[in-house]
Amino acid sequence: MSEQGTRTGRIVVGVDGSESSKQALRWAARLAAGDGSRIEAITAWDYPQAYNSPVDPNWRPDLDAQTILDDTLREVFGDDRPTGLVPIVRHGPPRTVLIEASRGAEILVVGSRGHGGFAGLLVGSVSSACSEHAHCPVLVLHDKA
């Protein structure tokens, strides 16, 4: 914190409800407690690429993303959320949203594998893209064994 007591750093965390994203939130909270940084917990959503498959016109992926973020924050922190935690839901591909959010951040914290792709991979496509293209250091966390 600065001398005036305002938060100086910003930690960006990718949240998708996976176990590794929950680990990312826990690590971000530890880091923020040490230096007073603000945590931006970001869940990104995008319309799926549907090729001739019907999509319910009433489906609201933005609301689904908000539910995922709220449920994950509740599971990880309960009623004791870190001071300065800012939940954010953004439209766009997760890798693009997180890389853009990394501008000016102290660190970007992501899980190694989310809820997509091939579960057997050690590092998923989003964490890999973030590691390569983020505008700040990136911490990639794996599920607890």
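**Architecture and local packing of the predicted chain**

The structure is a predicted model, in which local features need a pLDDT of at least 70 and side-chain atom pairs count only at pLDDT 80 or more, while totals for chains, interfaces and linings use all residues. Residues are numbered from 1 along each chain as its sequence is written, and side-chain values use heavy atoms, with hydrogens and water left out.

Confidence is expressed as pLDDT, the predictor's score for each residue from 0 to 100. The chain averages a pLDDT of 85, and 82% of the residues score at least 70. Over residues 1–7 the pLDDT stays under 50, and the model has 11 contacts for them beyond four places in sequence. In residues 115–123 the pLDDT is likewise below 50, with 12 contacts beyond near neighbours in sequence. A contact means heavy atoms within 4.5 Å. Where pLDDT is low, the predicted coordinates should not be read in detail.

The chain contains four helices and five strands, arranged from the N terminus as β-α-β-α-β-α-β-α-β. Helices (H or I, at least four residues) and strands (E, at least two) are DSSP runs, numbered from the N terminus. Of the 145 residues, 38% are buried, where buried means under 20% relative accessible area, exposed over 50%, and partly exposed in between (1.4 Å probe, protein chains only). Among contacts with a separation of 6 or more, 74% join residues 24 or more positions apart.

Helix α2 comprises 17 residues (residues 61–77); at 1.5 Å a residue it should span 24 Å, which agrees with the 24 Å between its end C-alpha atoms. The expected span is 1.5 Å times one less than the number of residues. Buried positions in α2 are P61, A65, L69, T72, L73, V76 and F77. Viewed down the axis of α2, these buried residues fall within an arc of 115 degrees, so they line one face of the helix; the arc is that of the directions from the helix axis to the C-beta atoms. They pack against α1 (19–35), β2 (38–45) and β3 (85–91). Just after α2, G78 adopts a positive phi of about 60 degrees.

Within α2, T72 has 3% relative accessibility and therefore counts as buried. Its side chain reaches the backbone oxygen of I68 at 2.7 Å. Leaving aside residues up to four places away in sequence, T72 touches V15, G17, K22 and L25.

In helix α4 (residues 125–133), the buried residues are S127, A129 and C130. These residues cover an arc of only 160 degrees around the axis, which puts them on the same side of α4. Their packing partners are α3 (94–101), β4 (107–111) and β5 (138–141).

D35, in helix α1, counts as partly exposed at 39% relative accessibility. The side chain of D35 makes a polar contact with the side chain of S37 (2.7 Å). A polar contact is a pair of N or O atoms within 3.5 Å; within protein, one must be able to donate a hydrogen and the other to accept it, and residues adjacent in sequence count only if both atoms are side-chain atoms. The C-alpha atoms of D35 and G9 are separated by 7.7 Å, although the two residues are 26 residues apart along the chain.
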